[in-house]
Amino acid sequence: MDGYDFLSDSQKHDLNSGIAAYLKDRGLEESYEAFMRESHLEGVQLSKKAPLFVQRWNALLRLTKKNTELEATVAVLQRNTYTRAATGLDPKKWVPRSTLAEKTMLVSTQPVHAVAFHPQLPIVASGSDDTAVKIWDCDTGLQTAYLRGHQQGVIALAYSHNGERLASASIDATVKLWDGVMPELPIFTLQGHDHTVSGVAFMPDDKHLVSSSRDGSIRLWDPSNGYCVAVLRCDDTWIRSVRPSPCGTLLASGGNDHKLTIWSMATKEPTHTLHGHEHVVEVVDWVSETFDTTKNGKKPESQMIVASAGRDKKIILWAATTGEMLYTFLGHNNWIRSLKCHPHGKYLISACDDFSIRVWDIENQRCIVTIENAHSHFINSIDFHQQMPMVVTGSSGGEIKTWGCK
């Protein structure tokens, strides 16, 4: 009994006819003639309908699209269920409070450098020194995809805001774009950087992607074709992190020169170079809300705020349009590796080499949650889910953890 005995004679005939039609349409005459002989189709008139493969492929695409739509619907229903179940708290106040992680996934025997949630679905991507990008189901803790393509470690990840694309950045000096829902092979490999690519992010409209590198440049890419459309230079310093502002008019970057740089997307030139850190700036992120800030008796003014953190153990908040240093948060006692703004803008969450996670109340300028020993190794990356009450962390111990929020 072979592996196709479950097919009827007519189904086997249709399958063979489809293969033959495919070979003929591709111009593979020798293969076509050999297959016709060996499958006993010589003298048989092939159907003029679309080949079986084409019909089945079109059906698969329709089913895939329908499945994606259903998954999005389930995600919305799940989010609403989470909302009702989260002890009645406003989603704007969701933060991790328990010292116990909900799920722990062993990703690799090597350090995990990057984690990123899909913006709608309960899945998370991880990148590590083993060169692979892995996709995980947050509900089951199971790995659902294993993506190979990079030649060296993956150290930054970002989903597009619509969830259709996933970008991965690597020590191999490339950025790869993957399908955000059903990733298999890279859609594009973005080449142009001369050294490690350590930062990657989509612009708010998803029409462009930005990356930062050890080669001292920020590159702007068109994800629809993989072309580089602009290059921003920064004094040959390693630019470790780059993020676009929520409105998309500015970029913030930080790196080995201990500075935070604000860039105009209109001119592709710096608007402010901000000094305040005393060591490498590891990460930058934008606060997704504006705040009325008062300092030194000045009149309150609505500010677009950007945050930076690094090896001097500080988190500094800045007014992006004026370059004014607003607040400094202290509490970590080692290098701060990752920083993420709450989806609703009221909090920051930080991850550190001191093995801890901290949640910071921006408006009241204080730490409200500390989870000590969240991992047993350095915590390299952290992310808030945009729609569900979850936080994810990745560590040098090769594991990722998800944390419930309430």
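The structure is a predicted model.

The UniProt annotation "repeat: WD", from an unreviewed entry, covers residues 105–146, 147–179, 190–231, 232–273, 329–370 and 372–406. Two of these spans can be described from the model. Residues 372–406 are 51% strand and 0% helix, with 18 Å between the end C-alpha atoms.

Charged side chains come next. Side chains of opposite charge can pair when their charged atoms come close. The structure holds 7 salt bridges. One of the pairs joins Lys134 to Asp130, with a distance of 2.8 Å from N to O. Is this pair buried or exposed? Both Lys134 and Asp130 are buried.

Arg337 deserves a paragraph of its own. The side chain of Arg337 meets that of Glu282 in a salt bridge of 3.5 Å, N to O. Arg337 lies in strand 24 (residues 336–341) and Glu282 in strand 18 (residues 281–286), so this pair ties together parts that are 55 residues apart in sequence. The side chain of Arg337 also meets that of Asp353 in a salt bridge, here at 3.1 Å, N to O. This second pair links distant parts of the chain as well, 16 residues apart: Arg337 is in strand 24, while Asp353 is in the loop between strand 25 (347–352) and strand 26 (357–361).

Glu282, at 11% relative accessibility, counts as buried. Asp353 counts as buried too, at 3% relative accessibility. To complete the picture, Glu282, Arg311, Arg337 and Asp353 are linked in a network of salt bridges.

Charges also gather on the surface. Which residues form a patch of negative charge there? The patch brings together Glu29, Glu30, Glu33 and Glu42. Glu29 lies in helix 2 (residues 29–38), and Glu33 is found in helix 2 as well. With a relative accessibility of 37%, Glu29 counts as partly exposed; Glu33, at 43%, also counts as partly exposed. The C-alpha atom of Glu33 is separated by 8.5 Å from that of Ala20, a residue 13 positions away along the chain.

Most residues other than glycine have a negative phi. Lys268 is not a glycine, yet it has a positive phi of about 60°. Lys268 is found in the loop between strand 16 (259–264) and strand 17 (270–275), and it is partly exposed, with a relative accessible area of 26%. Gln365 gives another example, with a positive phi near 55° in a residue other than glycine. The place of Gln365 is in the loop between strand 26 and strand 27 (366–371). At 42% relative accessibility, Gln365 counts as partly exposed.

Finally, two further pairs show how sequence separation and spatial distance can be read together. Asn162 lies in the loop between strand 6 (154–159) and strand 7 (165–170) and counts as partly exposed at 35% relative accessibility. Asn162 and Pro119 are 43 residues apart in sequence, and their C-alpha atoms are 7.1 Å apart in space. Ala307, for its part, lies in strand 21 (residues 305–310). Is Ala307 buried or exposed? Ala307 is buried, with a relative accessible area of 0%. Between Ala307 and Val283 there are 8.4 Å from C-alpha to C-alpha, with the two residues 24 apart in sequence.

Notes. Residues numbered from 1 in each chain as written. Predicted model: local features only at pLDDT ≥ 70, side-chain atom pairs only at ≥ 80, totals over all residues. Heavy atoms only, no water. Patch = residues over 30% accessible without salt bridge, like charges linked within 9 Å, V, L, I, M, F, W, Y side chains within 5 Å. Areas by Shrake-Rupley, 256 points an atom, 1.4 Å probe, with all protein chains shown as cover. Salt bridge = Lys/Arg side-chain N within 4 Å of Asp/Glu carboxyl O. Lys, Arg positive; Asp, Glu negative; His and termini not counted. Charge placed at Lys NZ, Arg CZ, Asp CG, Glu CD. Helix = DSSP H or I, 4+ residues; strand = E, 2+ residues; numbered from the N terminus. Buried < 20%, exposed > 50% of the residue type's maximum accessible area, 1.4 Å probe, protein only. UniProt positions renumbered as here; feature names shortened; annotations may be inferred.
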